[in-house]
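Have the viewer open as you read.

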Amino acid sequence: METKTKKPLFTVDKKKLQETGLSLLITLIALVMALLVGAVVIWAFGSNPIEAYGALWRGAFGTGIAFIVTLGKAVPVMLTGLAVAIAFRCSVFNIGAEGQLLIGAMCAALVGAYVHLPMALHLPLTILASMVGGMLWALVPAALKMKRNVNVVISTIMFNYIAQYLVSYLILGPFKGPGESPATPTIDTTAQLPDLLPKPYVLNLGFVLALVAVVVVYIILNRTSMGYEMRAVGFNPNASRVNGINVKKNMFLALLISGALAGLAGGIEVTGSLDKIVNNFSANYGFNGIPVALMAHNNPFAIIFSALLIGAMRSGSAMMQSSAGISKNMVDVIQGLIIVFLCAEHVIRYYIKRMGGKKND
Amino acid sequence: MINAISYLLSATLRMGTPIAFTALGGMTSERSGVNNIGLEGIMTASAFGAAVGSYLFQNAWMGILFAIIIGIAISAIHSLVCITWGGTQAVSSMALVLLSTGISGVGLKALFNQQGNSPQVPYLPTTTPLENIPVIGPFLAQQSPFVYILFIMLFVVWYLFKHTRLGLRIMTVGENPKAAETAGLSVHRIRYFSVIFSGVMGGLGGAMLSIGGMNMFQEDMVAGRGYLALGAVTMGRWNTWGVFGSAMFFGFFSALQLYLQTIPNNPVPAEFIQMIPYVATVIVLALSASKENVGIASGGQPYTKFVQQR
Amino acid sequence: MSVKYSIQLKNITKRFPGIVANDHITIDVEQGEIHTLAGENGAGKSTLMNIIYGLYQPDEGEILVNEKPVRFSSSKDSIAHKIGMVHQHFMLIPKLTVAENIVVGQEPGSPLKVDRKGAEERIRQLSETYGLKIDPHAKVADLSVTEQQRVEILKILYREAEILIFDEPTAVLTPQEIDEFCDILLGLKASGKTILFISHKMAEVMKISDHITVIRRGKVVGTVRKDETNVDELTRMMVGRDVDLSRKERKHFENQPSLLELKNVSYTVNKTVKKLDGIDLQLKAGEVLGIAGVDGNGQEELVQAICGQIVPDSGQIVFKGQDISRQGIRARKDGGLGLVPEDRHRDGLILEYSVADNLVLGLHYQEPFAHHHAWMDFKQIHTNAQELQKDFDIRCASVDVPAGTLSGGNQQKIIIAREASRNPDVLIAVQPTRGLDIGAMEFVQKTLLEQRDQGKGVLLFSLELDEILSVSDRIAVIFKGKIVDVVDAESVTRQELGRMMLGSGKQG
């Protein structure tokens, strides 16, 4: 009598599909709104929005080389996006990705320059060092949250600045490399990430590492009991606790993993392209992780695309500045606007539902 | 020795004033239940706005007016997102930071065709005429008019919460918005006022940086002071004097760092002195956060009106 | 002399998604009377009161105040019509003073200077006039529950309200306090106020009401004069049938070992308020032990202490012969404690998770649902869900839909199914039938009895005496954090239980 239906691992559920479609629609609406308002801003500052956006597009995707640069620029924000997202899923808002990235990069720079090993050991060790560094920088805010219930938002912000001053001290003082400018010594070639493509294309193994990180985060969140617990805590900490899930421990772990991912972003920057740490090298990769995660609704695979979008903005902004005359800071404005409109999610959902409801009547 | 103390005192006031302005505004907003960790953004945009206003009219007071208008505009976005749309306050705040840094960069290029900083603009000079007052005169003369505006605003904020109707209502809304609504108050309207007031104060704080302490806007000139203001609100326990004191405490470390740079054989690297306010904020949070009854009861929570609740 | 009406509701209808909270409700409240609105939990009383107070807008129908139609878009409008409401959950700000709490929104003095002195003076006058003793200068945080209630009443009197709404004001009061409170209401009535009083406690309803309107499932069952009715009739109207007080059949387990034992367990909050005061309790295998009591007498803390959500200050909790007082929540649950929590949305379910995922919440890290405590096995989770769905008749489109999309009864079934599937030695059920329809209610009670018949211990917390009486084998009565007495369910009457719940012994 019982029919044995074999259930595939990935079930395609109509409701789930609908929900995914809705999330995508909301992101697209927010993006379009942000670009429209951005166009008004560009116009108000005396440039031609169509020209500016056209230049931005050409800068990011216009040539094969540009496209590859975009892929490269997407790497750090993909990782910081993942960092923000995994913490978010456990209802921890990690604004400290920037600081964790700095410390991760610092650790990679030190291991890369001062430890000498064959590449097979040196490169993994350097990458690992960056992850450990980022994790350690998240450890204090995470522990303070667990033990003393200190607001993570504030503590991680403060740790960004502490990291910034610490790194600035280290590259001026104890670890200042040769030469005039404040920077660490160049790392050994054995610690440098190999390129994926021949010149003039610039793309290194970091891109693959970032994609691996996406899969790993997906598996952690959706295939392990740890991920099940983290998401449960994110949705409903009370019910999680009553049913035997250790809420504080999960938040602690989520923030540590988040720190490791941000640290990895820094490590890949150092081993992949910078080869050393100079002042202010990060340029807000950590903060950019926030729009990346939000646009993807904290879904790891969707982060690949939102990171590409932000990466495209970063790589196309120079072209926009030179040919349309609007400052490349315009992409920050657009990112801010995207976040603003994503915050209107409830409102957008409400209107979509109402329109959908009318159709059904 | 006397010189050192006088220098430190004067520099503390100078460095603490922008933080104090912003922190008092942030306190007002937080007491109504809306957190704004994006004060940094408000300060950046209004520091830029002040330079623009001062440049366009060749008058520093117009710069202040511009800064306040920009502060109001940015905080209005925060109000719209957090109060009307019910968005996450921390997330919206980060949008403010991105928007503000972006707009000032775009504006620098578009208006002055420059990057990194604006050209020199008229600034508010120190109050030299006060020099003739005996004993304290020379000290007063070193101070920017912003310091005196701060003391006026300090009194205003204190009086607001101590005596006025609005102050009582802000506290009620922040502690229990439902109770406020059942008492016939408009939670949203009071929160809008409070957040926008924090924009005005952040505007003054930003203006002090570009046309009080200097005579131009520089891209990174806020350098975390907005976040320090946030720390000062928490450290000062949402109390007017406590917040003011904390802001000055942070100002002192900036002053100390400036002072140490002037003496030869400086024993402590400047970076460590600069770290102190941030470390202090974390320590203060760690020492007090787990206690109950700390903070604003409804802080950070968007409020949906009864009528809209399902 | 013709009767004047203070409030008239004509065909008030209010719909929420999936439910009609108020269905064409018509009530006339005479001026100067105490009109009681009675009905079970979830009957729609609070929604109706919030409509009268302007917090909700009705979808249909009309409100008349003093025989003139009105339209309220916020509480501001109702306040202007001299309507005041004391909410079930007090609307007070602990950090502010009594005077500040009372006047906010209508502060005396100028906008620039609130006249605090004048406010305190006015409040002193009011409190003398109505016999509501309070220190206007005190901080609300330092007040007792009854004092806070007085502040709430003064708040509406200060606004010169003539029509006073009280939403279940006695739920948080002890019996003595209820008596005092009834006197206050009668005093207010004597001074000419009209009172709308919500309650489902028959004793106080019969004591003070002039008219009683009974609401069931959003509809008016009827309005009666107090002198023309009795408790039985009212109860029948509220529940919709003669209450089946017959006891369910019991198996008898003689000399069973004690499964769970609490020894002198105490718990204090804020160093002063004793929530649990030396609790001694024994639960044996094969019995349902009902815990009866007025809401807020320590039931919540007792559950939390047993399940490890709070750590008692002193005392021992012995489970199957082992002291578990220091164990964490998960260890206790894995050791054989099942819990059906009071608030299923807050504590029972992850509404965003699928039915299947919710059915393993708490078991998710163990075999067979996870291997090596790490890798989830979704096939097993799915199979498990389908089995439980069938056994417990959980009605949903598929076990993959979010739990939040199910009806209340089916959500409760998810929790019961999950906890029963843990095969616990002791099952703790807190208000397990609250807000459920009759069908779901009977299913839940049947499941509890099945667990008992399998030789397990069931601890049933309920505020409904009928439920306690019909399901329990023994009944423990809790009052102010103490167990007043433990009695055999077959030899105790409602009246006796009622007296014990008010703190006096069985003989009382």
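## Helices on the sheet

In chain C, helix H14 (residues 408-421) lies across S18 and S21, at about 175 degrees to S18(C). Helix H9 (residues 299-307) of chain C lies across S15, S18, S21, S22 and S23, and its angle to S21(C) is about 150 degrees. Axes are lines fitted to C-alpha atoms, for helices over the stretch in contact, with angles from 0 to 180 degrees between N-to-C directions. Helices (H or I, at least four residues) and strands (E, at least two) are DSSP runs, numbered from the N terminus.

This is a predicted model: local features need pLDDT of at least 70 and side-chain atom pairs pLDDT 80 or more, while totals for chains, interfaces and linings use all residues. Residues count from 1 along each chain as its sequence is written, and chains are lettered from A and ligands numbered from 1 in the order in which they are written.

## The sheet itself

Chain C has an open sheet of six strands in the order S18-S21-S22-S15-S23-S24, with mixed pairing (two strands pair if DSSP finds at least two bridges between them). S18 (337-340) and S24 (482-488) of chain C are the edge strands, each with a single partner, so one side of each has no neighbour in the sheet. The twist averages 20 degrees from one strand to the next.

S21 (residues 426-430) and S22 (residues 457-461) of chain C run parallel, joined by five bridges. C:Ile428 has C:Leu459 in S22(C) as its bridge partner.

## Where A meets B

The contact involves 39 residues of chain A and 41 residues of chain B, counting residues whose C-beta atoms, placed from the backbone, lie within 7 Å. On the chain A side, H6(A) gives the most, with eleven residues.

Technical notes:
Contact = placed C-beta atoms within 7 Å.
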